[in-house]
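Please read it alongside the sequence and the coordinates.

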Amino acid sequence: MTREAIDEFRRFQRDKEVNSQLYSKLTVRGKVQVKSSDIQVGDLIIVEKNQRIPSDMVFLRTSDKAGSCFIRTDQLDGETDWKLKVAVSCTQRLPALGDLFSISAYVYAQKPQMDIHSFEGTFTREDSDPPVHESLSIENTLWASTVVASGTVIGVVIYTGKETRSVMNTSNPKNKVGLLDLELNRLTKALFLALVALSVVMVTLQGFVGPWYRNLFRFLLLFSYIIPISLRVNLDMGKAVYGWMMMKDENIPGTVVRTSTIPEELGRLVYLLTDKTGTLTQNEMVFKRLHLGTVSYGADTMDEIQSHVRDSYSQMQSQAGGNNTGSTPPRKAQSSAPKVRKSVSSRIHEAVKAIVLCHNVTPVYESRAGVTGETEFAEADQDFSDENRTYQASSPDEVALVQWTESVGLTLVSRDLTSMQLKTPSGQVLSFCILQLFPFTSESKRMGIIVRDESTAEITFYMKGADVAMSPIVQYNDWLEEECGNMAREGLRTLVVAKKALTEEQYQDFESRYTQAKLSMHDRSLKVAAVVESLEREMELLCLTGVEDQLQADVRPTLEMLRNAGIKIWMLTGDKLETATCIAKSSHLVSRTQDIHIFRQVTNRGEAHLELNAFRRKHDCALVISGDSLEVCLKYYEHEFVELACQCPAVVCCRCSPTQKAHIVTLLQQHTGRRTCAIGDGGNDVSMIQAADCGIGIEGKEGKQASLAADFSIRQFRHIGRLLMVHGRNSYKRSAALGQFVMHRGLIISTMQAVFSSVFYFASVPLYQGFLMVGYATIYTMFPVFSLVLDQDVKPEMAMLYPELYKDLTKGRSLSFKTFLIWVLISIYQGGILMYGALVLFESEFVHVVAISFTALILTELLMVALTVRTWHWLMVVAEFLSLGCYVSSLAFLNEYFGIGRVSFGAFLDVAFITTVAFLWKVSAITVVSCLPLYVLKYLRRKLSPPSYCKLAS
């Protein structure tokens, strides 16, 4: 209780810290500082760069001229790419900040809901004539828990507290109880029934004479040692020890145990649900490969590209002859004689130029003191200095491409809505005018841009996209498909880059049709797509790029180990389907030989039915499914879908919302009844971590939210292997042994009491005085029994080398009704032998029965601990001798407890008797009879049917 209270208090302190962060609120009188807990709906809040947004807002104004800003949403959807948000144009156009109070306007917002990817609302300004209505969509919103990445923004608060999107997507944490605790509870209930039954039998054998119900209660009290009261204390101390061992293990530094009540769960897991971005991958994109069809450049040959780019630009300058007409002469030659094969140098130059122009990246300069916003884009060179330039884009892939072109000499130095400037290796600045931009969508899977070179007035249409979308568009070639396959197998994300030169007439014709399509009221998107497609024909294929999302250290061997341990791994990610599939292959989540079944997009019951049937016919193949299709399947065919998915070796769910992740976890728990573990590193994984039986958080780039909400927090994904194989195994095995031994300790003394009462005509008289009973449960046996938490059946190296050993644990055989019954039989046998032996051997000196039987009992317990131990630890030996020493020394001055009290009419035990040879050999004889058969049986069992770990150890 105290331990949980301390945990709660720490959480309370963390919450308080977050709630008391200060923000600037705009009022009629100017700016005021408010605590984030005091922000209300309708407040105008100013959020600076790199500050977290405190509540859900509609974006009204920004310091940026373009009226847009970037935000980082890693705590909301787990993706670290930046999202572009656009301010409401009506308020962005106002001349000054204070004018927000001079207009009369209102915002209408839909009721709070969970979907983080959609929003509907309107902004209405009433005091203008006619009133201005603007529709608000997701791009005008700033959700709470996201971080402003550029500029200063002002927004009006629409949802606070429990109504914000981020809070609606987190579930309430439940108190987690381990499976082992539930199993021990069941056994304790069985023991309670046994206690009642035993007492009733005793009273019945007495023949219900006299006040029998009083005798019944006396028996209940005498046999109450059957109920293991000290079990909870021992187990809780044990759990604290396991937690301490995990935190002190130098092989997994930085591990923190936040919920110390469930370490045994780590040894029973069957399903592991993992996030992708930041958990399996580092979320750092690196440009790896450029393929031109005949030549391929890897990481080690990038310097060749650099020299080619340098040469082609110096050539152009010399041909331009000092005047700034740029590259006219070589272009003329090319266009007049297209049959000539271009040199490698010019092809590389074309490819690099296409990559540096075709994207949606904005270079941002940290404005230094004294440089105002106006001069940020001045053409002066010193503003384009490399060290304070950072790139912003909505996709980390694009940033990787632009950073790569910078490394080979062609640098993107500035960009706004209509133009782009590049810097050549010699420092000359080239300007390009952006005529049209066709952004990337998940349907088209490609993006395009039309630019005009200001020096030559040439118009070029560049395009890049996924190979499936681009292969029908580019001119016929024989290498694209094969190379894309090769790169995908290496785990690279591929993009195909192509271009098409346009004449002025072609472009004017296109522009008029495009503008017309954009104005049409019906089927606008279809018409626009049709016009763009008229350009996308017979494009010249320039190159194929490969970008790698680097995996975390040792992800492959760790996943391999977990798979061998019989753990089924599901990857739940908010990322795109292609990327998720690519990472699943490169991390070996799906092994080389397995097929992947990509579940088609389904929207209604019929489609779901057909697609499930198609999937049912496949054997041993991994499943890839998107969040929306999953939702449809679960709506109509929940049971069938989960049953099929559980048979798959691996499952990948992409485009998952945080609540969907938690929903999948609860589904698995309900349908399979197995233990689940969730591992993630961002705020979007919190609900999944809290829903799972055992949640593991990784301290990553995406902040500490997941690691604070988790039961166990680790630094790297690879540490999970040791955490489960070694610590999970040990915690479960040790707790099982400890629990059963504590039960055995209570049962054996109750058996002796029962035999004693039976011999004395069912008298409800205690065999041992209270002090001996207390001593028995504490000082005489506590240390050796508790030292079982140091026991291990397999060396850690073995457990890591043979993860297959973990499979046995999930069957739960270390603690079951079978093992429990074996312990009950042992207890009855030993209790009976000890008592009968004492009575048979001591007929003459009957008063000495207590001393004899109690000494034999203590020795038996110590020997039984020795029998249970699988690997000796020096502390165990110390504990055994310490307990024996305590007992022997207490014999000297506790002698009045060793008579049978009132029955023996004050016969006290003398020290002289204990030191006689007769006492010693009789005690030894009884102890040998009670323990030797068990040692023999254990030896035979080890020889005839050894457990799997013994075979390895030998």
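## Overall architecture

The protein chain holds 33 helices and 32 strands, where helices (H or I, at least four residues) and strands (E, at least two) are DSSP runs numbered from the N terminus. This is a predicted model, in which local features need pLDDT of at least 70 and side-chain atom pairs count only at pLDDT 80 or more, while totals for chains, interfaces and linings use all residues. Residues are numbered from 1 along each chain as its sequence is written, and side-chain values use heavy atoms, with hydrogens and water left out.

The radius of gyration of the protein chain is 38 Å, whereas a compact globule of 954 residues would have one near 30 Å; the radius is taken over C-alpha atoms, and the globule rule is 2.2 Å times the number of residues to the power 0.38. Along the principal axes, the C-alpha atoms fill a box of roughly 125 × 65 × 60 Å. Of the 954 residues, 52% count as buried (buried means under 20% relative accessible area, exposed over 50%, and partly exposed in between, with a 1.4 Å probe and protein chains only).

The whole structure contains 33 salt bridges, each defined as a side-chain nitrogen of Lys or Arg within 4 Å of a carboxyl oxygen of Asp or Glu. One of them joins Lys 239 to Asp 181, with the closest N and O atoms 3.1 Å apart. Because Lys 239 lies in helix α7 (residues 230–248) and Asp 181 in helix α5 (residues 179–206), this pair ties together parts that are 58 residues apart in sequence. Lys 239 is buried at a relative accessible area of 1%, and Asp 181 is buried at 9%. Both residues also belong to a network of salt bridges that links Asp 181, Arg 232, Asp 236, Lys 239 and Glu 264.

A salt bridge also forms between Asp 549 and Lys 276 (4.0 Å, N to O). Here Asp 549 sits in strand β25 (residues 540–551) and Lys 276 in the loop between β14 (269–274) and β15 (281–291), so that distant parts of the chain, 273 residues apart, are linked. Asp 549 is buried, with a relative accessible area of 3%, and Lys 276 is buried, with 1%.

## A positive surface patch

On the surface, Arg 489, Arg 556, Lys 585 and Arg 592 gather in a patch of positive charge. Patches are made of residues with over 30% relative accessible area and no salt bridge, like charges being joined within 9 Å.

Definitions and conventions: Patch = residues over 30% accessible without salt bridge, like charges linked within 9 Å, V, L, I, M, F, W, Y side chains within 5 Å. Areas by Shrake-Rupley, 256 points an atom, 1.4 Å probe, with all protein chains shown as cover. Lys, Arg positive; Asp, Glu negative; His and termini not counted. Charge placed at Lys NZ, Arg CZ, Asp CG, Glu CD.
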